[in-house]
Amino acid sequence: MGSVRRHVQIDRDPDTVWKLVGDLARQHDWFPLTTCRVEGKKRWITLPSGIVFEEDIITHDHSLRRFQYRIVGNPAITSHLGTCDVLDDGHGGSIVVYSTDMEPEALALVIAGAAGEGLHKLKTMMEAA
Amino acid sequence: MGRKILFITTDQQRYDALGCNGGQIARTPVIDELARTGIVYDRAHPQNVVCMPSRSTMLTGQHVSTHGVWMNGVPLANDAPSIASDLRRSGYRTALIGKAHFEPFIDPFLRFAENRIGSGGLETELSIGEDGLPAPHRGFEHFSLATHGGTGPFHYARWLREKNPAAAAMFFQVLDQQLQVNAAGGGETNAPQVKHNDIQRELYHTEWVADQTINWLSSLPADADWFCWMSFPDPHHPWDPPKSELGRVNWRDLDVPRGYIEDATERERVLDSKPRHWRMWYDGTFVSNYEAPSKWVPKTLTADNVREVNAMAHIENELIDEAIGRVMTSITARGWGDDLDVLYTTDHGELQGDYGLLFKGPYHVDSLMRLPLIWRPAKSANVAPARVAAPVGLVSLASTFASIAGLQRPDYTESERLPLNDDDARLLGHERVLTEWDSVLFGKIVGARTICRDGWVCTAMLPGTVHDGTEGELYDLANDPLQRNNLWSSSQHVAQRDALLDDMWSSLPTRVLPLRACDAPV
């Protein structure tokens, strides 16, 4: 199992950050995706290469500020759990943590790379607003 | 008009692959002629023994600790310095044709320019360079990109699909269903990563790289100065040259290479004398890096496997030599022959059966570190042919390109240009060459630092998952050319070892922190 984690500190309060991160249909605003479509407990994301991932939304907890999802229906991906938490950094800002546990493990590194880029963009967007 | 620069690289090629370096199997007359009329470096090392870090060193003239590409999967920063950018700014036309690999291959998010350029069929893309201004990506106005097979987001794969949609499937499938390097065997001995490839020779990537180079050069005006990096993906695994060429070298006719120890007891004794990760990988109990098939156990490698892999590599090397010959003929026909500098090298070596191992990893011995490196200066430069014994590194390439173009050595480079002979090497201070290794693969951490000078190679293993920082390797290259006698713990050699280590630690550049993130396995 490939287990990876990326995080970023953002000088904005957690509720403000969660307003964007917790809007699951808008993840393409900050993550390197082309589109996101949400229907109930399902989401479909399109990658810039044209690949579409179908996802089950496992957790979408506004009080915990946590989002968890699984990529499903893809025979190449035998196991997946993605978790994004927005935490209070104790100084008025936030720490956003994006974790991936996945088989095949090689793909976990790729998603971690995309998460790293996404978190960097998220910080830039939030702190510019 | 100035001097033109043809920079030829192969991928994962050994020093002894070439006739000019004593190779007895592959016929490489074109490269041998470059060697005969140019400068051959007999102790050239990469600064890292996998692709992305080594290629980043070629482009930036920097050690790994400085450019930060510490392992495959770590992208070179878009604004990293590039000698191609300097050459372009000074008026050179610039192209990279073949395998680039400054950025990860596995990229479904299309985060990296190489993959966008290739998948979009573009010539280049504007990036913000080190001067903060938009410019062609890494200084190359033209890319024609390829890698080791017929799939992926590159120009070669697109071209191949148009020529023959079935051709891509004829290559060995580099990755398996779990996206691991494929451990499957093939050929006649079931050797890993070997396949008899039904592809027509004219559709094979070696031919395509040469054709694309000829096409790009044909597009240039006669008075252009140009820098063309012609980068062959072979003889890197998979070993799947066109089946039509297998008659060139019959594996059954080959002796096992000198580095392969046929007696298993002696082989394992040699492995046990090295730092523990050697034997652990051989036994299949510790796989430190992604570049070798994790499901393959080197201990299962047979002498016939070694013969067949070597035969395949020799065939691929002959195809490369002939492809270079075609390019040289076309350059001569353009009237550029007298003003042409050719530099030939590779990014790192290949174990190719040495010590009972294949592929590459944290194994800093000649199999992976001693590289073919040839500089055939332009005839108009009137440089005498030479063989250079002094240690040099690929870190000198960027300064060398600048020197050829009449530019000052760029401030960002960390080594003088390549020497013209051993006297010149002394004047330029080529006393030592350094190689670094760092890998972190899901909690498995391995680090090594190596110095080569005065006929010695000394490697310190850094504290990590299986090393405590006390292990290492010390070899006397003159008396132990196959590096089978590790003197690291020899009481008679402690002073020698410690002097080398002192020099190494004082010569290594300070590591730029924080480390760049690893964004893909390769």
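Asp16(B) is partly exposed in this predicted model, with a relative accessible area of 37%. Its side chain forms a salt bridge with Arg14(B), the closest N and O atoms being 3.0 Å apart. Arg14(B), by contrast, counts as buried, at 11% relative accessibility.

A second salt bridge joins Glu207(B) and Arg326(B), at 3.1 Å from N to O. Glu207(B) lies in helix H7 of chain B, which covers residues 205-218, whereas Arg326(B) lies in helix H10, which covers residues 303-333; the pair therefore ties together parts that are 119 residues apart in sequence. Glu207(B) counts as buried, at 7% relative accessibility. Arg326(B) is partly exposed, with a relative accessible area of 32%.

Glu207(B) and Arg326(B) also belong to a network of salt bridges. Over all chains, a search of the whole structure finds 57 salt bridges.

Asp304(B) counts as partly exposed, at 34% relative accessibility, while Arg307(B) is buried, with a relative accessible area of 18%.

These pairs can now be placed in the chain as a whole. Chain B contains 14 helices and 18 strands. Its radius of gyration is 21 Å, close to the 24 Å that the globule rule gives for 522 residues, so chain B is as compact as a globular protein of that length. Along the principal axes, the C-alpha atoms of chain B fill a box of roughly 60 × 55 × 45 Å. Of the 522 residues in chain B, 65% count as buried. Among the contacts in chain B with a separation of 6 or more, 72% come from residues 24 or more positions apart.

The remaining topic is the interface between the two chains. On the side of chain B, 16 residues are in contact with 23 residues of chain A. Together, chain B and chain A bury about 1600 Å², and 71% of this area is on carbon and sulfur atoms. In chain B, the residues that lose the most area to chain A are Pro108(B), Phe109(B) and Phe442(B), which together account for 45% of what that side buries.

Arg111(B) forms a salt bridge with Glu117(A), in which the closest N and O atoms are 2.5 Å apart. Between chain B and chain A, 5 residue pairs are in polar contact, with both residues at pLDDT 80 or more. By class, the side of chain B that touches chain A has 11 nonpolar, 3 polar and 2 charged residues.

Conventions. Residues numbered from 1 in each chain as written. Chains lettered and ligands numbered in written order. Predicted model: local features only at pLDDT ≥ 70, side-chain atom pairs only at ≥ 80, totals over all residues. Heavy atoms only, no water. Contact = heavy atoms within 4.5 Å. Buried area = accessible area lost by both parts, 1.4 Å probe. Salt bridge = Lys/Arg side-chain N within 4 Å of Asp/Glu carboxyl O. Polar contact = N/O pair within 3.5 Å; in protein donor to acceptor, adjacent residues only side chain to side chain. Nonpolar A, V, L, I, M, F, W, Y, C, P; charged D, E, K, R; others polar. Helix = DSSP H or I, 4+ residues; strand = E, 2+ residues; numbered from the N terminus. Rg over C-alpha atoms; globule rule 2.2 N^0.38 Å. Buried < 20%, exposed > 50% of the residue type's maximum accessible area, 1.4 Å probe, protein only.
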